[in-house]
Amino acid sequence: SPREQLEEPLLAEEERDESSQHRAEHDLPADVESPCPPASPEDGGDSDVAVFSVKNEIWEMLNLGLPLAVSFFCRMGMASTDSAFVGHIDDGNFTPETYLAAAVLSDMCVSIFTTPPLAFNQVLNALVGQAMGSGNPKMAGVWLQQSCFWLSTSMLPCLIGFFYVEPLLNMLGFPHDVSKVAGTYAVYNIVWPIPNGLYQCMRFYFQAQGIPRPAMYNNIAFLFINAILNWIFVFGGPFRHIFGWKGLGFIGAAISLSISRTMQSVVYLIYMFFYKKHHLNTWPDAGLSFTHHTWDRSKEFLKQSLPNLGTLLFSVISSQATTVLVGRLGERAIAASS
């Protein structure tokens, strides 16, 4: 009967004797359980310890690393595609060298303006990984919401700098024509930084959960979409021969990049959150809510993020210093550095 079962000893007689002997040898109190060594395979016990395999480790690294490498290549490829189309513009207003040099200088300023807020998504890999490893996966979604909020709000004042690219370049001593064209190009790039930053937040969120491949496929697709949009908006594409529309010229490259990077974020959001719903296991029960932005959580998130701000800013300024120095050699030298 259940009563008789409850009255049965919890330990076998032999096990109790061993436990009592161990307490006596180590002078342990009677109410302290004696630690039992794990059963070894020789004693007939099952071992749950996975056997280390170099082959398996390399395979896991490739599964995670290869999609990240391809994504990085596609991101660089999108910027290079714009430069390739811009360098072939010969509309009689400016030379191709001027357009290409202006695109390079505009990208330099845009990079400096938009890099500091990216500090708020760089910590997601660590925070999401920590949440998953500690057995509290719902916190991963909280950190994503924190990242998106702080990145968006800090990016808004940085976008103001896009309207002052021309005077900034003039102050640095670049040719007036190049500075003017670069300033125009920068203004048409004002659309994509926030969507692109949110896209990075989502990518890091899912990468830390071991789901990097959707972002890789998305980046590959938009590498080609961006090239097609450049062909259409810069040179008119098929409409050049059908309607005689010759495209938007130089600003068409900036518009195509803005469309590509904005739609890239939207497509990834729809696929991962609404179609596949990969976020459900790590999404907080309250959903998308400002209740997750408590003082303690925000303070912890900022404590992890803010030190990266200075590091990223120093890094981008150091890398762009070469462009400033090369600019002293003229338009052709700037264009060649693209």
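Mentor: Gladly! Rings of Phe, Tyr and Trp (its six-membered ring) pair if their centres lie within 6.5 Å; planes under 30 degrees apart count as stacked, over 60 as edge-to-face and the rest as tilted. This is a predicted model, where local features need pLDDT of at least 70, side-chain atom pairs count only at pLDDT 80 or more, and totals for chains, interfaces and linings use all residues. Residues are numbered from 1 along each chain as its sequence is written, and side-chain values use heavy atoms, leaving out hydrogens and water.

Trainee: How many aromatic pairs does a search of the whole structure find?

Mentor: The search covers the whole structure. Its count of aromatic pairs is 18.

Trainee: What kind of pair do Tyr185 and Phe250 form?

Mentor: Their centres are 4.7 Å apart, with 35 degrees between the planes. Tyr185 is in helix α9 (residues 176-187) and Phe250 in helix α13 (residues 250-275), so the pair ties together parts 65 residues apart in sequence; helices are DSSP runs of H or I, at least four residues, numbered from the N terminus. By its angle, the pair is tilted.

Trainee: Why do Tyr205 and Phe273 count as a stacked pair?

Mentor: Both residues are buried, meaning under 20% relative accessible area (1.4 Å probe, protein chains only). Their ring centres are 6.4 Å apart, and the pair is stacked because the planes are at 10 degrees.

Trainee: Which residues do ring pairs link into a cluster?

Mentor: Here ring pairs join Phe and Trp residues. The cluster consists of Phe120, Trp143, Phe149, Trp150, Phe290 and Phe301.

How values were computed: Helices (H or I, at least four residues) and strands (E, at least two) are DSSP runs, numbered from the N terminus. Buried means under 20% relative accessible area, exposed over 50%, partly exposed in between (1.4 Å probe, protein chains only).
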